[in-house]
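The sequence and structure come first, followed by the points grouped by topic.

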Amino acid sequence: MAVNGLSKTSSRIRPRDAASLLLVDRSGGELRILMGKRHMRHVFMPGKFVFPGGRTEAADGRICAIAELSEDDQTKLLTGMGSRSSIQRCRALALSAIRETYEEAGLLLGRRHRESPSIAHPDWAAFVERNIHPDLSVLRYFARATTPPGGLRRFDTRFFLAFRDAVADSLPEATGPSQELEELCWLPFPEATRLDIPEITRMIIREAEAVLAANPTLEPGNAVIQYRMKYGRFVREVF
């Protein structure tokens, strides 16, 4: 992630809100996380392995959920938002992580009920068709990273953890409807760090592993790790 030779325009680009989900399979003897390879047609990180995730849309914050974020997670999200803080923005971040996991991996996080959720937005049609209500309480906010200046696309990404148990349904295909991720795979943490991944992704994997080692059931109350570029390198902060 180069930071030299920046144009004035690229250095002033405001990072867009984004969210990413580290989904953890704890069914075996070793924890595994879901990773997928970005299609080579992508401008942003083509061919790299990543977690499901993407840009947060304002409409995400208005989607109903069967359960909300924990008070602790909501407070930590609000704390990092500055003057633009709002509950709706917190919800939008969490819900976009769930939406993107469906779109990119074909996995629907939530709870199935006899009645479908009251969601009119087309991006959530699969949840309505399957009577699956999004569940924010299963998400645990644990990390944040901002794309360094220099590119035409910058993201302020919040990372969430959740267990595979929270998946209520999945598509039969080996990917999601957007087909943005290929070669989806569940890998042990050490193996995941050896993939072709950006260095910040490797850092986030190690942070997630540390969170799970200290808090194996993902109860609310964990610290949040923030990475931001300072003097040409990522600086790690804890709050």
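Buried residues make up 50% of the 239 residues of the protein. The model is predicted.

**Fold and dimensions**
- The secondary structure consists of 6 helices and 13 strands.
- The C-alpha trace spans about 55 × 40 × 40 Å along its principal axes.
- Among contacts with a separation of 6 or more, 70% join residues 24 or more positions apart.

**Charge**
- There are 34 positive and 30 negative side chains in the protein.
- The centres of these two sets lie 7 Å apart.

- In soluble globular proteins, nonpolar side chains tend to be buried together.
- The largest nonpolar core holds 33 residues, and those with the most contacts inside it are Leu-21, Leu-23, Leu-77, Leu-109, Leu-139 and Phe-160.
- At least two residues of this core come from each of β1 (16–25), α3 (87–105), β5 (107–109), α4 (125–129) and β9 (155–163).
- Helix α3 gives the largest share of this core, with 8 residues.
- Another core, apart from this one, has 28 residues, including Phe-142, Phe-163, Leu-187 and Ile-204.

**Surroundings of Leu-77**
- Beyond its neighbours within four places in sequence, Leu-77 is in contact with Leu-69, Cys-90, Leu-93, Tyr-141, Arg-158 and Phe-160.
- Leu-77 and its contact partner Phe-160 are both listed among the residues with the most contacts inside the largest core.

Note on methods:
Residues are numbered from 1 along each chain as its sequence is written. This is a predicted model: local features need pLDDT of at least 70, side-chain atom pairs count only at pLDDT 80 or more; totals for chains, interfaces and linings use all residues. Side-chain values use heavy atoms; hydrogens and water are left out. Helices (H or I, at least four residues) and strands (E, at least two) are DSSP runs, numbered from the N terminus. Buried means under 20% relative accessible area, exposed over 50%, partly exposed in between (1.4 Å probe, protein chains only). Contact means heavy atoms within 4.5 Å. Lys and Arg count as positive and Asp and Glu as negative; His and the chain ends are not counted. The place of a charge is taken as NZ of Lys, CZ of Arg, CG of Asp or CD of Glu. A nonpolar core is a set of buried Ala, Val, Leu, Ile, Met, Phe, Trp, Tyr and Cys residues joined through side-chain atoms within 4.5 Å.
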